[in-house]
Amino acid sequence: MAGKPKNKKSPAGADRRLFDVLSYVILFVLSFLCALPFLLVISGSFSQQTDILMHGYRLFPEKVSLDAYKMLFKIPEELLRAYGVTIFVTVTGTFFGLWFTSMAAYVIASKDFRYRYQVSFFFYFTSIFGGGLVPWYVFNTKYLHFHNNLIALILPILVNVTYLLILKSYMMNIPDSLYESARLDGAGDFTIYWRIVMPLTKSGLATVGLFIALAYWNDWYNAMLYMDEGSRNLYPLQYFLNNILTKAQAMNAAAARSGIPASDVPSEPMKLAMTVVATGPIVLLYPFLQKFFVKGVTIGAVKG
């Protein structure tokens, strides 16, 4: 008998390999383009002021300089204190923000709550219309006494309506049979919320928690409103770094007026060094939360 003809490589397999190669190349290029700004920031933070003024920002510094970091760390105890304030505010605000937001989302997602639509509209309405900055400031300082207080850095942004509605959507996707079986077993609302709803919305909580933590970590506006020079020990990291940059710019202006070379003050590299110092912990933390973040964004896209 004649031997069987050898199987030729299928066109589908070749197309698949070509698709994989193109996908990897495109993803590599996109990843490099996404990382390029941060690489420029790191390179610029180690550059000299004169090199940036003469040649602009480059991917690799012409001459490595630590002047920007030396100026930032001239008073390390104040920088570490600012880090401590920001970490405390971020951890405390994220914990209570997730707690209150998830409890409110559970209430307005519950079909047993008769006025859930009216309350949801109330929350939504407050996200569109506000009383304005002046009434907000007067109310927080005169009546709530937030001035020069750590509460001023936590309470004003504790609950975000957008995150509340996101968690509400997560909880509404939980099957009603789970609630009914829990109630038949004698579970109350808090038991259902803690033992059933919270574990099933873990990915959503991680996603919202990351957003809340980023909001607290990057917040400097409330510190500018409610903190004065007498409470420098309560400055968060972002506002502390902003003050350093403002003073460096003032030094540049004074140097220019007095005839001293402005290049002696590394204001441009210091801006980038401040960015590295401020974003470094978040960049290092994100890979550990990435799986929850991706799951939280894509959940509900495929219905089983």
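This is a predicted model: local features need pLDDT of at least 70, side-chain atom pairs count only at pLDDT 80 or more; totals for chains, interfaces and linings use all residues.
A cavity is a set of grid points where a 1.4 Å probe fits but cannot get out.

**View 1. The largest cavity and its lining from Gly-44 to Glu-62**. A search of the whole structure returns two cavities of 30 Å³ or more, and the largest has a volume of about 70 Å³. Gly-44, Ser-47, Asp-51, Ile-52, His-55, Gly-56, Tyr-57, Arg-58, Phe-60, Pro-61 and Glu-62 form the lining of this largest cavity. Helix H2 (residues 49–55) makes the greatest contribution to that lining, three residues. The lining of the largest cavity comprises four nonpolar, four polar and three charged residues.

**View 2. The largest pocket, with a lining that has no charged residues**. The volume of the largest pocket is about 440 Å³. Of the 19 residues that line this pocket, Trp-136, Leu-155, Pro-156, Ile-157 and Val-159 lie nearest its centre. Helix H6 (133–143) and H11 are the elements that supply two or more residues to the lining of the largest pocket. H11 gives the most, with three residues. The lining of the largest pocket is made up of 13 nonpolar and six polar residues, with no charged ones.

**View 3. Helix H10 and its buried face**. Helix H10 covers residues 189–200. At 1.5 Å a residue, its 12 residues should span 16 Å, and the distance of 15 Å between its end C-alpha atoms agrees with this expectation. Ile-192, Tyr-193, Val-197 and Met-198 are the buried residues of H10. Viewed down the helix axis, the buried residues fall within an arc of 150°, so they line one face of H10. An α-helix has 3.6 residues a turn, so residues three or four places apart point the same way. The cover over the buried residues of H10 includes helix H4 (76–109), helix H8 (161–172), helix H9 (176–184) and helix H11 (202–218).

**View 4. His-145 and Asn-148 in the loop between H6 and H7**. The loop that holds His-145 runs between H6 and helix H7 (151–154). His-145 is not a glycine, yet its phi is positive, at about 55°. The phi of Asn-148 is near 55°, a positive value in a residue other than glycine. At 29% relative accessibility, Asn-148 is classed as partly exposed, since this value falls between the 20% and 50% limits.

Technical notes. Residues are numbered from 1 along each chain as its sequence is written. Side-chain values use heavy atoms; hydrogens and water are left out. Helices (H or I, at least four residues) and strands (E, at least two) are DSSP runs, numbered from the N terminus. The expected span of a helix is 1.5 Å times one less than its number of residues. Buried means under 20% relative accessible area, exposed over 50%, partly exposed in between (1.4 Å probe, protein chains only). The arc is that of the directions from the helix axis to the C-beta atoms. Contact means heavy atoms within 4.5 Å. On a 1 Å grid over the protein atoms alone, a cavity is a set of points where a 1.4 Å probe fits but cannot get out, and a pocket is an open set with protein on both sides within 12 Å along at least five of seven lines; lining residues have an atom within 4 Å of a point. Grid points are joined across faces, edges and corners, and a volume is the space filled by probe spheres set on the points. Ala, Val, Leu, Ile, Met, Phe, Trp, Tyr, Cys and Pro count as nonpolar, Asp, Glu, Lys and Arg as charged, and the others, Gly among them, as polar.
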